[in-house]
Amino acid sequence: MAKFMYVFRGGAFVQQGLSPAEVGAHLQKWTAWVGELAKAGVHESGYAVQGAGKTIRGTRKTVTDGPYAESKDMVTGNLVVLTSSIEEATRLATGCPIFEFDGSVEVRPILEREGM
Amino acid sequence: VDDGEIHGALAILLRRQAGRLVSALTRVLGVQRIDLAEDIIQESLLAALQAWKLGLPRDPEAWLFAVARNRARDVLRRERVRGEAEIVGDELETLEAPYPVDEHTDLLRLMFSCCHPALSQDVLRLVCGFGPREVAHTFLVEASAMEKRLVRAKRVLADDGRLVEVSTPAQARERLPAVLSAIYLMFDAGYHGSLSPQPIRAEICGDAIRLGRILVDARATSRPDVHALLALMCLHAARMPARVDADGSLVPLERQDRSRWDAELVGCGMQHLSASASGSVLTA
């Protein structure tokens with residue numbers, strides 16, 4: 001078994017003009033999806049992040065406000081899964097509701113040190 | 001409780017909370033700024049979506065209210081600093097009050113305010129948290145036309161300057177018929193599934209019944225015609241489990257399996273039916 005990190009970008013969170021009913025219906029799909037991952041025993045951990053923040057960059061460690069990426073490229077969260085292969089992790093990620101609102105999921109193998 | 005129920009409850013919770021929040025926020029921000037209240041709620045809902053998608057908080061309602069309250073407070077503070085608004089201390093105090101702040105009183109005020117003789121459609125939008133597109137479906141008009149109506153509705157509300165008070169029967173009398181027809185329209189939208197491809201949207205009917213119950217329970221609006229509407233809705237809703245067959249198509253009354261009717265709702269309906277048979281006014 002190996003660990004993979006899903007990196008979520010964009011999605012409903014960066015959309016304008018959703019009604020409470022639409023937000024609710026979409027949220028339902030997220031809890032259902034995460035619930036399925038948990039039930040299948042592959043869910044390790046996950047965090048959603050707020051929009052505002054700081055970015056530190058370069059050798060001079062310049063601090064600026066916000067990521068201010070294009071909203072579709074804004075990182076909106078991550079989730080770690082434990083699966084047999086990257087194919088399996090990718091297959092599970094296609095069930096993510098983020099695609100309904102044009103978001104993306106990156107699937108990245110986590111580098112584990114020996115003996116950890 | 002299985003997963004499906006939790007998920008269903010979540011969507012309904014957000015839709016209902018939107019109505020309560022509009023009501024609570026307009027109390028502080030003023031009804032002239034219902035747009036601002038809606039913006040704040042929209043932001044809070046998106047924040048909820050983001051924060052809850054990987055796991056629910058222990059008390060979602062309180063969470064949502066706290067976020068909306070903080071945002072409203074920020075807006076008021078900023079305006080006070082700029083000297084744009086005179087904020088009196090107790091308005092901020094209202095925001096400090098624990099939630100729920102007498103949910104039903106606030107909802108009643110919002111319902112009756114939206115049922116201005118000209119604009120009953122706003123009930124669906126503000127009290128029940130539908131988007132303009134969904135309201136438009138219900139009233140069989142184009143979404144763009146509905147947007148215009150909603151803008152006009154808000155202007156009328158703003159001209160009134162405040163939400164109407166609904167604490168005595170006399171205050172309720174004038175607008176009650178409009179409120180009742182708005183609730184029935186809403187029930188009908190769920191019953192005939194005009195909002196979605198599904199033939200029936202039970203939760204919308206449930207919301208309409210909930211609003212009817214609030215009216216029946218409130219001293220100012222507990223009247224025979226309100227009982228009559230509630231009886232009608234309960235009795236219709238009781239048959240819903242038998243109205244759709246396994247393929248999702250509608251089953252006519254004479255072929256429905258009566259054992260699947262909701263006995264509790266039938267009972268409720270009969271109770272309200274007999275409560276409606278008092279007084280001297282006949283309703284259609």
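Me: Why does B:Tyr184 count as partly exposed?
Reply: Its relative accessibility is 31%. Buried means under 20% relative accessible area, exposed over 50%, and partly exposed in between (1.4 Å probe, protein chains only). So 31% falls in the partly exposed range.

Me: What makes B:Phe187 buried?
Reply: B:Phe187 has 1% relative accessibility, so it counts as buried.

Me: What are the ground rules?
Reply: This is a predicted model: local features need pLDDT of at least 70, side-chain atom pairs count only at pLDDT 80 or more, totals for chains, interfaces and linings use all residues, and side-chain values use heavy atoms, with hydrogens and water left out. Residues are numbered from 1 along each chain as its sequence is written, while chains are lettered from A and ligands numbered from 1 in the order in which they are written.

Me: How many aromatic pairs are there over all chains?
Reply: The structure holds 7. One of them joins B:Trp52 and B:Trp63.

Me: Why is the pair of B:Trp52 and B:Trp63 called edge-to-face?
Reply: The centres are 5.3 Å apart, with 70° between the planes. Rings of Phe, Tyr and Trp (its six-membered ring) pair if their centres lie within 6.5 Å; planes under 30 degrees apart count as stacked, over 60 as edge-to-face and the rest as tilted. Both values pass, so the pair is edge-to-face.

Me: Where do the two partners lie?
Reply: B:Trp52 is in helix H2 (residues 34-52) of chain B, and B:Trp63 is in helix H3 (residues 60-82). They are 11 residues apart. Helices (H or I, at least four residues) and strands (E, at least two) are DSSP runs, numbered from the N terminus.

Me: Is B:Trp52 buried or exposed?
Reply: Buried, because its relative accessible area is 0%. B:Trp63, at 26%, is partly exposed.

Me: How do you know that the charged end of B:Lys53 sits over the ring of A:Trp30?
Reply: The charged end is 4.6 Å from the ring centre. The test asks for NZ of Lys or CZ of Arg within 6 Å of the ring centre and within 35 degrees of the ring normal. B:Arg239 lies over the face of B:Trp261, at 5.9 Å.
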